[in-house]
Amino acid sequence: MRDARPYTARMHLLLIRHGQSAANVAGILETRTPGPGLTALGMAQAAALPEALLKHKIEGVYASALVRTQLTAVPLSGSRILETTVLPGLHEIGAGDFEGTKDPDQTGRYIATISAWLHGDLDTKMPGGTDGNAFVERFDDSIAQIAAAHPDGMAVAFSHGAAIRAWTALRAKGTPARAVASGELHNTAGVGLEGDPDSGWKITSWSASALGGAHLDGPKSKDITGHHPL
């Protein structure tokens, strides 16, 4: 039985999308492990994060199992003398049968499946992949591990465009959560949240542009997971 006393220690969580990859530039759905690395712009976006987050007291840095999130985390974790902890649950939403495609009809079906989850149909399966329940369960598990390690501190988790937007829309309270899903999330843009897995999450900040500055934003026309409304 949960303690009825009010929860006072609330952590601060910053979800940051990885730096630009070649797949983002080409408009290719690429969610397989280990995935592509970062472009020159992606490396510059990552390098700008330590200064952009200088005022924050960050206790932990986390990344998905994909190379692009881990490379993005390197400058920040190095500047804080922290190890980057890899949590597989922070993985991008798997593309299933649409893996490796840039066909507009197929990428549109990928986005439409995620949109169905956000409208309450978590049982819908990504063709050739898993359903929304499986996505939420594994992302929730990673967030719970982060929250347990930093119950009243701040942690940064590097994840992916569709995963961050979908999980935020499903788990954060209030209308800003829906705005994150329907809006854009450029490479190294971030969503700040406050709360915990039991009492829920509230959005405290949301940057659609790269946290190091909009001058670091790349072209968006082909970027499927960061620029198509969910």
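Please note that the model is predicted.

A search of the whole structure finds 2 cavities of 30 Å³ or more. The largest cavity holds about 110 Å³ of space. Its lining is made up of 15 residues, and those nearest the centre of this cavity are Asn24, Ile28, Glu30, Arg68 and Thr225. Two or more lining residues come from each of helix 1, residues 22-26, and helix 9, residues 224-227. Sorted by class, the lining of the largest cavity consists of 4 nonpolar, 6 polar and 5 charged residues.

I turn now to the second largest cavity, with a volume of about 40 Å³. Among the residues that line this cavity are Gln20, Gln45, His186 and Asn187; the lining also includes Asp217, Gly218, Pro219, Asp223 and His227. By class, 1 of the lining residues is nonpolar, 6 are polar and 2 are charged.

Finally, I come to the largest pocket. About 170 Å³ of space lies in this pocket. It is lined by 14 residues, and Leu14, His56, Met154, Gly192 and Ser205 are the closest to its centre. Which elements give two or more residues to the lining of the largest pocket? They are strand 1 (11-17), strand 6 (190-196) and strand 7 (200-207). Strand 7 provides the largest share, with 4 residues. As for class, the lining of the largest pocket has 7 nonpolar and 7 polar residues, and no charged residues.

Methods. Residues numbered from 1 in each chain as written. Predicted model: local features only at pLDDT ≥ 70, side-chain atom pairs only at ≥ 80, totals over all residues. Heavy atoms only, no water. 1 Å grid on protein atoms, 1.4 Å probe; cavity = no way out; pocket = protein on both sides within 12 Å on 5 of 7 lines; lining within 4 Å. Points joined across faces, edges and corners; volume = space filled by probe spheres on them. Nonpolar A, V, L, I, M, F, W, Y, C, P; charged D, E, K, R; others polar.
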